Amino acid sequence: MSEIIQEQLPYADTALEPVVSAKTISFHYGKHHAGYVAALNKLIAGTPYAGLALEGIVRRAAAEGATAIFNNAAQAWNHAFYWKCLAPAGRGGEPTGAFAAAVARDFGSKDVLVKALADASVKRFGSGWAWLVAENGKLSVVSTANAETPITRAGVTPLLTVDVWEHAYYLDWQNRRADYAAALLAQLANWNFASAAYPA
Ligand code: MN
């Protein structure tokens, strides 16, 4: 039987300090993200979901209203995506190519886009995620509640995300979600990843 595997982090657990500490990563990656993957594997064992890729599990569970499977699968997917959206300070690059042109066209500048993502991060009430997405090539910022994820929407491609669950920032920033989001976007956003993910 094939299980969903939690991908390795693409950097050392200290690589995102001080914005995201190694202690936060030890809990966020090592406990929360790992916990979603472990719970998902228990839930799908012996079901028609076993053997599907993670994206397929998310979409099928959403379509079938399989809430527990959806929540754990979507959180497993969202977290794997979140880690890729981050890079050590100075390593994330800048928007390039067709993505850079889309940022200029749809937001005016990267600074305006970053402000929109920061605002969406702050305004999401309770737990959830802020996203930069592309739909038919057009960029927009959205937010989702709890485990909800843009990949259940046909034609929508996520390019960047901010995890705004308290477990993402509380050890380092306590209740200061706005400061966490601003620092994350200013110092750790992986624009190389977003540029490559943009469906040109
Ligand atoms: Mn999280």
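Phe 99 is buried, with a relative accessible area of 0% (buried means under 20% relative accessible area, exposed over 50%, partly exposed in between, with a 1.4 Å probe and protein chains only). This is a predicted model, so local features need pLDDT of at least 70 and side-chain atom pairs count only at pLDDT 80 or more, while totals for chains, interfaces and linings use all residues. Residues are numbered from 1 along each chain as its sequence is written, and side-chain values use heavy atoms, with hydrogens and water left out.

**Aromatic pairs**

- Rings of Phe, Tyr and Trp (its six-membered ring) pair if their centres lie within 6.5 Å; planes under 30 degrees apart are stacked, over 60 edge-to-face, and the rest tilted.
- That rule gives ten aromatic pairs here.
- Helices (H or I, at least four residues) and strands (E, at least two) are DSSP runs, numbered from the N terminus.
- Trp 191 is buried too, at 2% relative accessibility.
- Tyr 169 and Tyr 180 also stack, at 5.1 Å centre to centre and 25 degrees between the planes.
- Tyr 169 is in the loop between β3 (156-163) and α6 (170-173) and Tyr 180 is in helix α7 (residues 177-188), so this pair ties together parts eleven residues apart in sequence.
- Both tyrosines count as buried, Tyr 169 at 3% relative accessibility and Tyr 180 at 0%.
- Ring pairs also join Tyr 29, Trp 77, Phe 81, Tyr 82, Trp 83, Trp 129, Trp 131 and Phe 193 into a cluster.

**A charge over a ring**

- The charged end of Arg 60 sits over the ring of Tyr 49, 5.2 Å from its centre. The test is NZ of Lys or CZ of Arg within 6 Å of the ring centre and within 35 degrees of the ring normal.

**Helix α4**

- Phe 99, Ala 102, Val 103 and Phe 107 are the buried residues of α4.
- Looking down the axis of α4, these buried residues fall within an arc of 105 degrees, so they line one face of the helix (the arc is that of the directions from the helix axis to the C-beta atoms).
- Gly 97 and Arg 105 are exposed on the other side of α4.
- The cover over the buried residues of α4 includes α5 (110-123), β1 (128-135), β2 (138-145), β3 and α8.

**Leu 86**

- Leu 86 sits in the loop between α3 (67-85) and α4, and counts as buried at 3% relative accessibility.
- Beyond its neighbours within four places in sequence, Leu 86 is in contact (heavy atoms within 4.5 Å) with Tyr 11, Leu 16, Leu 184, Leu 188 and Asn 190.
- Leu 86 and Phe 193 are 107 residues apart in sequence but 8.6 Å apart in space, C-alpha to C-alpha.

**The whole chain**

- The protein chain has eight helices and three strands, in the order α-α-α-α-α-β-β-β-α-α-α from the N terminus on.
- Its C-alpha trace spans about 50 × 40 × 30 Å along the principal axes.
- Of the 200 residues in the protein chain, 48% are buried.
- Among contacts with a separation of 6 or more, 67% are between residues 24 or more positions apart.
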